[in-house]
2 protein chains.
Amino acid sequence: MRQTFDEATTPAFGREHAPLIRQAMAAQGLDGFVIPHEDEHQNEYLPAANDRLAWATGFTGSAGAAVLFKDKAALFVDGRYTLQARDQVDTQLFEIRDLMDGGVPAYLQAEAGTGWTIGYDPRLHSPEALERLRAAAARAGAQLKPVATNPLDAAWGKARPPQPRAAVVPHPIAFSGEESVSKRERLGEGLADQGADAALITTPASVAWLFNVRGGDVIRSPLPLSQAILNADGTARLFLDPAKVTPELPAWLGNGVRLEPPEALPEALNELKERRVLVDPAASSAWYFEALRAAGADVIRGPDPTVLPRACKNAVEIEGARHAHVRDGAALSSFLHWVATEAAESLPSELEVVRRLEGFREATGALKDLSFDTIAGAASNGAIVHYRPTERLAKRLERGSLLLVDSGAQYLDGTTDVTRTVAIGAPSREMAERFTLVLKGHLALARVRFPAGTTGSALDTLARAPLWSHGLDFDHGTGHGVGSYLGVHEGPQRISKLPNTVALRPGMIVSNEPGYYKEGGYGIRIENLQVVTAAAPIPGGERPMLGFETLTLAPIDRNLIVVEMLTAEERAQMDAYHARVLEVIGPKVEPAVRAWLEKVCKPL
Amino acid sequence: MRQTFDEATTPAFGREHAPLIRQAMAAQGLDGFVIPHEDEHQNEYLPAANDRLAWATGFTGSAGAAVLFKDKAALFVDGRYTLQARDQVDTQLFEIRDLMDGGVPAYLQAEAGTGWTIGYDPRLHSPEALERLRAAAARAGAQLKPVATNPLDAAWGKARPPQPRAAVVPHPIAFSGEESVSKRERLGEGLADQGADAALITTPASVAWLFNVRGGDVIRSPLPLSQAILNADGTARLFLDPAKVTPELPAWLGNGVRLEPPEALPEALNELKERRVLVDPAASSAWYFEALRAAGADVIRGPDPTVLPRACKNAVEIEGARHAHVRDGAALSSFLHWVATEAAESLPSELEVVRRLEGFREATGALKDLSFDTIAGAASNGAIVHYRPTERLAKRLERGSLLLVDSGAQYLDGTTDVTRTVAIGAPSREMAERFTLVLKGHLALARVRFPAGTTGSALDTLARAPLWSHGLDFDHGTGHGVGSYLGVHEGPQRISKLPNTVALRPGMIVSNEPGYYKEGGYGIRIENLQVVTAAAPIPGGERPMLGFETLTLAPIDRNLIVVEMLTAEERAQMDAYHARVLEVIGPKVEPAVRAWLEKVCKPL
């Protein structure tokens with residue numbers, strides 16, 4: 001089993017570790033210290049060695065921050081994580097506050113004492129975030145001070161897990177679709193056009209994409225912790241722990257790439273003196289900006305140049321994604337068959353659901369990892385958006401309720417992410433009606449055509465309008481970008497209520513995952529991945545339009561669809577999708593599963 | 001007749017006036033001069049005395065700018081106005097450039113000579129716009145210099161029309177719904193909360209709303225050119241030409257308002273020394289910021305405090321809008337009856353269409369003004385989005401084509417804006433299909449329910465998706481805010497592809513006006529005004545939702561609706577709207593018109 005059901009932290013973490021951190025703070029003369037969730041690479045998912053926020057507080061969510069003053073402390077989480085934070089953290093010790101409503105800056109401004117010195121680790125904060133902290137501290141009459149040694153790291157000491165050293169291996173051209181040298185030369189020209197001599201790249205996914213390599217330093221995504229400098233002539237320097245360098249790697253990287261240990265990075269930055277260097281203030285921490293400034297480099301603030309080409313998958317990557325989704329769809333369909341037959345009878349626990357799904361994926365022989373820990377939420381657990389089953393929390397399936405399963409896989413040819421919600425026994429009328437509203441939104445976002453320049457923010461409403469018309473909504477984004485055997489959450493595109501100015505472009509993969517959650521009752525989410533394509537010319541149309549090709553292939557539970565709530569267009573769309581599932585997945589599964597697919601994929 | 005059909009300018013304007021401006025520039029040692037469309041009040045619609053861009057170039061559109069160098073010149077307009085600019089301006093003299101694609105700053109950077117001095121009138125530019133111009137000039141090695149005397153004004157000299165001096169009159173509480181003193185005290189408290197001692201207000205619509213007065217300095221909107229200083233204690237100073245002050249005005253304004261001539265403003269700004277003054281950098285020109293800085297005031301940049309309360313109409317204003325729309329709907333229905341009967345036979349010119357519509361509105365006895373010049377576009381003229389009929393351009397109606405009429409009225413109780421597109425004779429199948437697609441978008445935006453916090457940008461897609469699905473779109477916004485007997489274009493809300501972070505709030509009036517334009521063929525637009533309301537609780541709903549109440553009442557041409565393209569929901573919505581038109585407007589019109597309404601408002 002790849003997934004485990006233990007809990008990595010307890011509320012005792014904060015009780016035991018906060019005093020140690022305060023001792024280390026006092027030794028440095030600090031009255032406070034800011035602990036962000038992000039690490040040196042601004043990663044969302046962290047290696048255990050970098051999960052400082054969890055060690056300090058007990059909170060394991062994927063976003064947050066804490067402030068430790070000498071006399072009080074607060075943990076900041078967004079609305080998704082409020083319940084989880086109260087469960088994982090000692091609230092006597094940490095006040096739980098809203099990350100969004102003013103967040104850390106408002107707390108510093110209101111609670112820091114005049115004359116206080118508040119430390120921060122410049123390797124962990126983006127320059128933009130830091131600017132807000134600095135201004136807030138100043139308004140409180142306090143000053144913000146970078147630390148040379150992180151007092152949390154000092155307190156953690158020997159108990160801290162070692163930095164990961166997973167092997168970094170070539171990612172073959174059969175999957176990447178473009179030689180690294182071609183990417184580097186293409187992006188190098190772009191740098192020259194911007195007047196830059198070089199770009200500093202500190203995001204592991206960017207390094208992996210640029211050099212066509214994959215690593216394993218971060219669980220659930222094949223990321224190599226590393227940094228690189230890309231020169232405008234297409235040559236590059238790659239800073240990688242020698243312990244991770246596999247024998248074939250140097251030849252794979254070729255002559256244009258100098259492979260160096262991480263310790264060589266500071267000197268390499270010094271060598272950028274008087275050169276114009278592009279750095280992304282949203283992706284690279286303040287430490288890099290300060291190091292380049294001290295070196296006398298001329299910093300250009302701008303987006304990491306790999307982000308947009310990485311998001312727009314090439315033809316080989318898209319074909320890989322199709323293959324990965326057929327493989328994954330067969331495993332998922334076998335799993336759904338098991339749920340509909342055995343599990344609906346035996347009503348196992350969520351843990352068994354997770355184990356069986358992993359087993360079907362493992363049986364493909366191609367599974368490299370899960371793309372995230374499977375969420376299997378039975379009945380009321382399904383209503384907790386960021387639920388993950390553990391020994392302590394898991395429920396058994398309940399007859400007359402729903403099971404929500406959100407899962408994904410990492411394959412060499414693609415990353416998957418899919419949610420299906422199924423009825424266990426007979427669902428209530430309300431469950432089916434609300435499922436159908438979610439489905440109507442999902443279908444609208446799957447079939448939409450839109451002109452170039454349209455953002456995910458503009459499309460988000462299509463997925464919500466059917467729920468809105470019934471006085472309902474859901475409190476998470478509708479879609480996120482997905483990498484190609486990389487991170488399962490990848491920007492810059494996003495389908496969300498939040499303003500986003502990045503237009504959707506052909507080759508971008510996004511999830512389409514509206515939902516509905518009845519607190520204490522049940523949860524519904526329907527999620528497919530879809531890739532932006534140039535839509536086929538429309539008879540009588542005057543303007544080229546973009547559209548989506550749905551990648552995910554697995555049946556949607558017809559027992560939950562109130563057919564009379566669908567328009568003729570929606571019904572035809574649903575039937576066409578199910579026909580495609582049967583046609584493509586049917587030949588890939590066991591006869592019993594195929595027979596079941598024939599039944600559940602019939603026209604509505 | 002209020003509307004005229006002459007053309008105020010010709011391409012000769014530029015040929016004759018540009019040399020005079022260049023002489024005045026040379027006398028001040030300027031190598032270039034920037035001429036924005038906006039005036040001292042950042043007005044969209046201008047009094048003739050302030051329409052400098054039209055005098056300098058011949059271009060009369062509602063947005064644009066020109067740059068006059070000593071040896072060349074360019075006019076900048078957006079895509080809506082490219083054709084009009086080529087028609088109105090001597091293109092030998094003025095290169096026509098895109099206002100959006102880099103605009104004036106890019107031109108300055110590329111074309112200004114090293115060492116040049118480029119003048120600007122600080123009364124006409126917002127500080128934000130100026131910052132961009134300054135940076136661009138610097139990159140060209142040129143410098144930007146404020147002028148004490150505008151060389152264009154100097155060149156214009158005696159030929160320049162006098163500043164308007166229309167009477168400023170009380171706007172009764174029966175229409176405004178809130179006493180000025182209440183507005184001033186409420187907003188004054190808001191200023192205090194922001195830490196401001198006062199706000200400087202330079203937008204005529206804001207002054208009109210705050211003091212419950214109306215003027216007539218700008219055609220088609222009852223605006224008094226004026227400025228005010230609102231103090232945190234609710235008292236105010238109002239700077240108004242004494243020639244505009246009507247006898248009843250001082251008593252109407254009351255003791256809390258000091259009425260002063262415009263010449264007193266500079267000294268009043270000086271008196272703000274060391275006080276914290278809120279000024280809107282999007283609404284007030286750089287001159288005010290510079291004057292306050294020189295006076296030693298502490299300027300707080302933030303939105304004009306009247307903008308949001310002015311946009312959110314109170315119950316009296318909403319009731320007034322309903323009355324205005326019944327009155328206007330009766331006039332419009334009488335006009336549409338005339339089009340369907342007499343005009344469809346006699347095929348008059350667009351000018352006659354405009355005259356008749358104005359006649360029906362004049363006959364209400366309540367018309368204060370049009371809210372903008374009526375657009376009556378027959379056949380291919382309908383495809384020109386910013387078309388206005390003139391003697392030179394007007395066409396006669398054509399059988400087998402469409403007539404697009406976009407018009408509105410100013411009444412004491414409300415401002416209207418409505419577009420109807422009608423078939424003259426039998427329309428083609430294509431016309432009807434495209435009309436029906438536009439209608440589907442219009443209906444979606446009329447019936448949508450949405451949670452608090454939703455912006456117009458999020459709703460825009462609903463109006464376009466039916467067109468997109470057929471490879472079609474339109475190149476203008478879907479909706480704009482509308483004032484209460486004030487401007488027909490009023491922010492801050494907007495329904496548009498462009499990102500807008502202002503949430504729609506109860507009481508905001510917006511237009512809903514999707515369209516389709518076939519160049520050289522015909523134009524379609526369907527426009528109603530609608531007010532944001534707290535939607536009635538939805539059975540089974542869990543969250544409060546907002547919605548729209550449609551204000552505009554006039555039939556939509558059933559001859560252009562392809563019924564089988566509508567869903568059952570859309571058809572019921574259309575039938576309910578027509579039933580309401582018949583019920584409310586039927587009793588207000590002549591028997592012949594009522595009989596016609598009974599026919600055209602029947603269920604589809």
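Guide: Two strands count as paired when DSSP finds at least two bridges between them. Helices (H or I, at least four residues) and strands (E, at least two) are DSSP runs, numbered from the N terminus. The model is predicted, with pLDDT of at least 70 required for local features and 80 or more for side-chain atom pairs, while totals for chains, interfaces and linings use all residues. Residues are numbered from 1 along each chain as written, chains are lettered from A and ligands numbered from 1 in written order, and side-chain values use heavy atoms, without hydrogens or water.

Visitor: Thanks! In chain A, which strands stand at the edges of the open sheet?
Guide: Let's start with the order of this three-stranded sheet, which is β16-β17-β20, with antiparallel pairing. An edge strand here has a single partner, so one side of it is left without a neighbour in the sheet. In chain A, that describes β16 (375–378) and β20 (418–424).

Visitor: What is the bridge partner of A:G377?
Guide: β16(A) pairs with β17 (residues 401–407) of chain A in the antiparallel sense, over four bridges. Take A:G377 and look in β17(A) for its partner. The residue you will find there is A:L404.

Visitor: And what is the strand order of the open sheet in chain B?
Guide: Three strands make up this sheet, and their pairing is antiparallel. β16 (375–378) and β20 (418–424) of chain B stand at the edges with a single partner strand each, so one side of each has no neighbour in the sheet. Reading across, the order is β16-β17-β20.

Visitor: Let's turn to where the chains meet. How many residues of chain B are in contact with chain A?
Guide: Contact means heavy atoms within 4.5 Å. On the chain A side, 31 residues take part, and on the chain B side the number is also 31.

Visitor: What area is buried between chain B and chain A?
Guide: Buried area is the accessible area (1.4 Å probe) that two parts lose on being put together, summed over both. Carbon and sulfur atoms give 56% of the area here. In chain B, the residues that lose the most are B:W468, B:E542 and B:R543, together 26% of what that side buries. The area for the two chains is about 2200 Å².

Visitor: Which residue of chain B forms a salt bridge with A:E542?
Guide: A salt bridge is a side-chain nitrogen of Lys or Arg within 4 Å of a carboxyl oxygen of Asp or Glu. Between chain B and chain A the count is four. In the one made by A:E542, the closest N and O atoms are 3.1 Å apart, and the partner is B:R434.

Visitor: Which element gives the largest share of the side of chain B that touches chain A?
Guide: Two elements of chain B, α17 (456–468) and β24 (515–518), each supply at least two residues of that side. The largest share amounts to six residues and comes from α17(B).

Visitor: Near what value is the positive phi of B:G520?
Guide: β24(B) and β25 (residues 522–525) of chain B pair in the antiparallel sense over four bridges, with B:Y517 standing opposite B:G523. Their hairpin has three residues between the strands. Within this hairpin, B:G520 has its positive phi near 75°.

Visitor: Where does B:Q42 lie?
Guide: Most residues other than glycine have a negative phi, and most peptide bonds are trans. B:Q42 is not a glycine, yet its phi is positive, near 55°. You can find B:Q42 in the loop between β1 (32–36) and α2 (52–57) of chain B.

Visitor: Is the peptide bond from A:G491 to A:P492 cis or trans?
Guide: A:P492 lies in strand β22 (residues 490–495) of chain A. In chain B, the bond from B:G491 to B:P492 is cis, with omega near 5°, and B:P492 lies in β22 (residues 490–495) of chain B. For the bond from A:G491 to A:P492, omega is near 5°, and the form is cis.

Visitor: Finally, what distance separates the C-alpha atoms of A:E549 and A:V531?
Guide: A:E549 sits in strand β27 (residues 546–550) of chain A. Leaving aside neighbours within four places in sequence, A:E549 is in contact with residues including A:R322, A:L529 and A:V531. A:E549 and A:V531 are 18 residues apart along the chain, and their C-alpha atoms are separated by 5.3 Å.
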